[in-house]
Amino acid sequence: MFLSMNWICDFVDLEGLDKLDLIHRFSLSTAEVENEIFFKGSDISGIVVAEIKLVEEHPQSRKLHLLKVDAGDGQLTDVVCGAKNVRVGLKTAFAKIGAKIGDITIAPRELAGYTSYGMCCGESEIGLSDDNSGIMEITDDIPNGTDIKSVYDVDDIIFEVDNKSLTNRPDLWGHYGIAREFAAIAGRPLKAPEIDDLTVYDGLPKVDLKIEDKLCKRYSSIKVENISRNVSPVNIRIRLYYCGMRAINFLADLTNYLMLEMGQPMHAFDARKVEKIRVKRFADPFTFKTLDGVERNIDENTLMICNGDIPVAIAGIMGGLDSEIVDDTTTLALESANFDAASVRKSTVRLSHRTDASMRYEKSLDPEMTVPAIGRFLYLLKKYDSGARVVSALTDEYAEKFPPVTLEFDQAYVDKYTGIKIDGDTIVNTLSALGFEVQRNGEHFKVNVPSWRITKDVTMKADIIEEITRIYGYDNFEINTALSPLYPVRMSEVKTDEEKIKDLLVKRFGLHEVHSYVWAYNDEQKALGIPVEYNVRLANATNPNIETLRNSIIPTQLCQIKTNVSYAPEFGIFEIGRVINGLDENNLCIENKMLAVTLFSKTTSLKDLYFKMRDILAAIADDVKHSELEFVKTEPTHSYVHPVNLNRIILDGKDIGVIGIPHPTVAKAVDKKGSIVFAEIDINQFASAKTQPIEYDEPSKYPAIEYDLSMDIPQGVYFSNLRECWKNDGTELLQSVSVIDTYDTEDIHRITVRFVFSSNERTLSSAEVQEIINIIAANLAGIGVTIAGI
Amino acid sequence: MDDRILRLKEEIESKLSGISELGELDQLRVSYLGKKGSITALLKGMKELAAEQKKAFGADVNKLKEFAAEQIEAKTAELKKKQTELEIAAMPVFDISSPAYKDTGSYHPITLVQRQCEAIFKSMGFTVEDYAEVVTDYECFEAVNIPKHHPARDMQDTYYLENGQLLKSQTSAAQNAILRKYGPALIKNGTPIKAIFPGRCFRNEATDACHENTFFQMEGMMVGRDISISNLIYFMKTMLSEVFRKDIRVRLRPGFFPFVEPGFELDISCLICGGAGCPSCKHSGWLELCPCGMIHPNVLREGGIDPDEYTGFAFDLGLTRLAMMKYGIKDIRDLNSGNLKSLSQFTDDE
């Protein structure tokens, strides 16, 4: 919203104050002002009122005219002018020799053989409007030679306030409300606007008006006839233009002017078209042509202003084409109304048509404003069109008032909330300047909130704090640290584990952390032959590619691997992210936080890569939980996984995740030759596993005995089976077991296992070690393992 | 002196001078000083000598023995030294300028920025809270003073799910749970609530270089007795100076957010020009950084905390924006792209 400093100064005298500083303080106390400030009129000078005394055709040009102009300096000036609307007796804006318009300094100039000693200006040329149809037509009675800046508000400071920052301030959608803020900031009194006394019309007949729908809170109307003025006064047009609106005709301009001034949208109907005003909704949809000529679909939720049963305007949004003010309109029915904010907002969205009026209504305007706005409108109307005659009484249907708001608080409350000392007089003065009625009784304050602040903005004590502090100025706050008791801060197990895991994967295993979206990637997965599995869906996704939430990060990572295959011959990615596994019995999403890891290599065999992943997982368990993992073969439940080598990961007896290989068709779609292995772990399950304490083992003072066994392992026997063979025998002496060599051919799978025996009490004899070995060997033989060399 | 002794001495001297390897030297030592060595043999042959000769002969042989041992020892030292010198000379010069082998992994930039912020907050006694991404309407809106039909709901284009839940549009969705979690300790022991809750948020909007539907925020709050606006300004200034590692000036402007009252837009002095005005702050000297404010009484009440007894402040840092500012990331979509050409650059930052 653009704001005019001149307009603000209509209501508060800011004489002698630095306006730019005030605007800056407004930005810190009220609402954000955009950086660029416009100094209107600063780029023109020397433009005076002049009258055309003589018009002659230019002998060589059909467009140009030769004028003699009276610019008030006692002689006529020769001017060559190309405007169509030149005529004798026309007063216009005239740039004299030496005048400045932007970067141009007016000098005598030759045009087709004749010298022009100055230039007649169009309004657009001197920045007063966008009218470039001809030279300016001045109808006011102003002596020739008068600088236009001395009679019109050409010089002005225009600044823009971000509309978003006014969302919660319905009172700031007009200059009067803004002026109240400036008054409070500057410590100057606010002047009341001049208004017409409406009580004098009480004896006249009422407007036929009825609110038939609760979405209309108030509807005030009055009828005026005998309006003769068509073009708005220059100052009104300048202000509208400076504030971003176009002048249309006097009545339309005046309604807009009132809206920009009081913040109250108004509508002028041609009274011939609107005799019985009814405010209501229609059960059946229909189309309606608004005054911008667009046919709009109206449904049963849209509130309409009607003439009897015929709709004439969309309430709070825009008038209809058929009832708008036209050139021969002399009688108008004025609407100054208040509508339900949410309803206007929703209608705006439905119609996808936002107007200056709806923008204001959707902020919850003060319904108290409708009648004063009419008073102000009539004051201005009569000022500029003295023949205008009010022909009805003020008719005011006030269906719903906001209840008054009174707030009580004491000095201690303010002290506690602010943390500084703002004295009682400052509190009273600030609130009074903002229109609050304050009663002070020592440390106690009772405040009546003004009607323009109760519609949504100020409803409780804490709101009062903002009023006091923002005008006090946050820059003026003394800043202090809080005093609070000390207590230990503990991080959750999950958080701690997550950070350890990230460090381990990045630092030890060189993996790359990535992020991805919480939904399945339809298109990318399709390209890899990974169907999007049924899961909770978004209800309002605008992009069909992201309609379903994912139940695993693995498909996402396969897609990410695909996009990265050229990154390096071997790499791994990981993410700690969320998945949704359907709904629980309360119809709420089951959300799990998962660690997903995917390894890719063009150089390492699938088997080695698989074991690399296994070792990564084991390292995580060992490092973070001091525990060992177990793996349990499982059957695939997703079509994108390879049915072989799919294992559940077990930690501390809990199923925490899965390790596997993508299905060959999927793997080939990612990369023809690359190996891919994935794993996914439920982070919360992982974190909930017990962290084993470190149990210190005193190193034995006696020598250890190593004993190596080479074993030929038959098919179907796994290391976990071997482990069973030495689990119970000689446990207390068997210190460690490790695989020191493997040897594989087509038919033979041979491993060499080193057993280390030791005792803390004595040196072991080879005989007793041999005894244990014999038992282990017998156990191994029992599951079909042959010991080489025995 | 016996001829044999003299001869042997000459022989040893001449042989020693011809030896250049430690192995030969050892052989030499054995051949003279060993059990069957020539000098040993002289000693053995002594018993054939007359008693009066024995003494002098023995002394001479022992001298020879000492002499030989010394000579061999000296030669050994000399050869060892030579050998070490040769070893050193033989050492090739390694090309240390060759490219280093790297297999370092990388953190996501959000992780790095998040860790830096978390460390600052932890040092000031804040807990770090985690929260779900799928939340209820109550958590995301109602509990934080955004009732149904509130325009703020339109301001945020929320992703709703079929079951009526939604993807959280703001980290504030965790406020209620955190107030309820730590509220009892506040009421019972006066332990203030000091928590940050980083998290991923979602907005239903079209993406481009500056807009993402999935991004990270980090919200924080402090609730206690007598927590004031003055404390809020102090805290924000201190915290942001740590985040940006320089003395930051902060400026508050009124801002409307339903969950705070009063609410503020917080500006910081421009990081580039320090406030003098430059293109990156549009010559204003200030950068709009984050919303903050005093927690709205309705939010406290909804969290089971009496707003007449306790007050608090809350703030919201855009982690994604911080990461972009910190690393000069221009396209926000890079963060969720999974593209390792971008992401692998973020090795540890501390």
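## Ground rules

Residues are numbered from 1 along each chain as its sequence is written, and chains are lettered from A and ligands numbered from 1 in the order in which they are written. Since this is a prediction, local features need pLDDT of at least 70 and side-chain atom pairs count only at pLDDT 80 or more, while totals for chains, interfaces and linings use all residues.

## Domains

Let's start with chain A. Its assignment gives domain 1 (2-39 + 157-186), domain 2 (43-154), domain 3 (198-398), domain 4 (409-436 + 452-476), domain 5 (493-688) and domain 6 (705-788). The bounds come from an automatic or database domain assignment. Between the C-alpha centres of domain 2 and domain 6 of chain A there are 111 Å.

Chain B is split into domain 1 (3-87) and domain 2 (109-130 + 171-343). Their C-alpha centres sit 88 Å apart.

## Where the chains meet

Chain A puts 72 residues into the contact and chain B puts in 66; two residues are in contact if their C-beta atoms, placed from the backbone, lie within 7 Å. On the chain A side, the residues touching chain B come to 33 nonpolar, 24 polar and 15 charged. Here Ala, Val, Leu, Ile, Met, Phe, Trp, Tyr, Cys and Pro count as nonpolar, Asp, Glu, Lys and Arg as charged, and the others, Gly among them, as polar.

Now look at helix α10 (residues 411-418) of chain A, where Val414(A), Tyr417(A) and Thr418(A) are buried. Buried means 20 or more other C-beta atoms within 10 Å of the residue's own, exposed means 12 or fewer, and partly exposed is in between, with C-beta atoms placed from the backbone. These three cover an arc of only 90° around the axis, so they are on the same side of α10(A); the arc is that of the directions from the helix axis to the C-beta atoms. Helices (H or I, at least four residues) and strands (E, at least two) are DSSP runs, numbered from the N terminus.

## A helix pair in chain B

Helix α5 (residues 109-123) and helix α11 (residues 319-327) of chain B pack at an angle of about 100°, their axes 9 Å apart. That makes α5(B) roughly perpendicular to α11(B). The contact uses Pro109(B), Ile110(B), Val113(B) and Gln114(B) from α5(B), and Leu319(B), Thr320(B), Leu322(B), Ala323(B), Lys326(B) and Tyr327(B) from α11(B). By class, that is 7 nonpolar, 2 polar and 1 charged.

As for the geometry, axes are lines fitted to C-alpha atoms, for helices over the stretch in contact, and angles run from 0 to 180 degrees between N-to-C directions. Angles under 35 degrees count as roughly parallel, over 145 as roughly antiparallel, 65 to 115 as roughly perpendicular and the rest as oblique.

Most residues other than glycine have a negative phi, and most peptide bonds are trans. His626(A) has a positive phi near 55° and belongs to the loop between α17 (606-625) and β30 (629-633) of chain A. Asn645(A) also has a positive phi, near 65°, in the loop between β30 and β31 (647-651). His626(A) is partly exposed, with 13 other C-beta atoms within 10 Å, and Asn645(A) is partly exposed with 15.

Over in chain B, a cis peptide bond with omega of about -5° links Glu261(B) to Pro262(B). Pro262(B) is part of strand β8 (residues 260-269).

Leu549(A) is in the loop between α15 (522-528) and α16 (554-564), yet it counts as buried, with 27 C-beta neighbours inside 10 Å. Beyond four places in sequence, it contacts Val518(A), Trp519(A), Asn535(A), Val536(A) and Ile580(A). Val536(A) is 13 residues away in sequence and 5.8 Å away, C-alpha to C-alpha.

Thr370(A), in helix α9 (residues 370-384), is buried too, with 26 C-beta neighbours inside 10 Å. Not counting residues up to four places away, Thr370(A) touches Arg218(A), Ser220(A), Gln264(A), Ser336(A), Ala337(A) and Asn338(A). Lys206(A), by contrast, is partly exposed, with 15 other C-beta atoms within 10 Å; leaving aside neighbours within four places in sequence, Lys206(A) is in contact with Ser392(A), Ala393(A) and Thr395(A).
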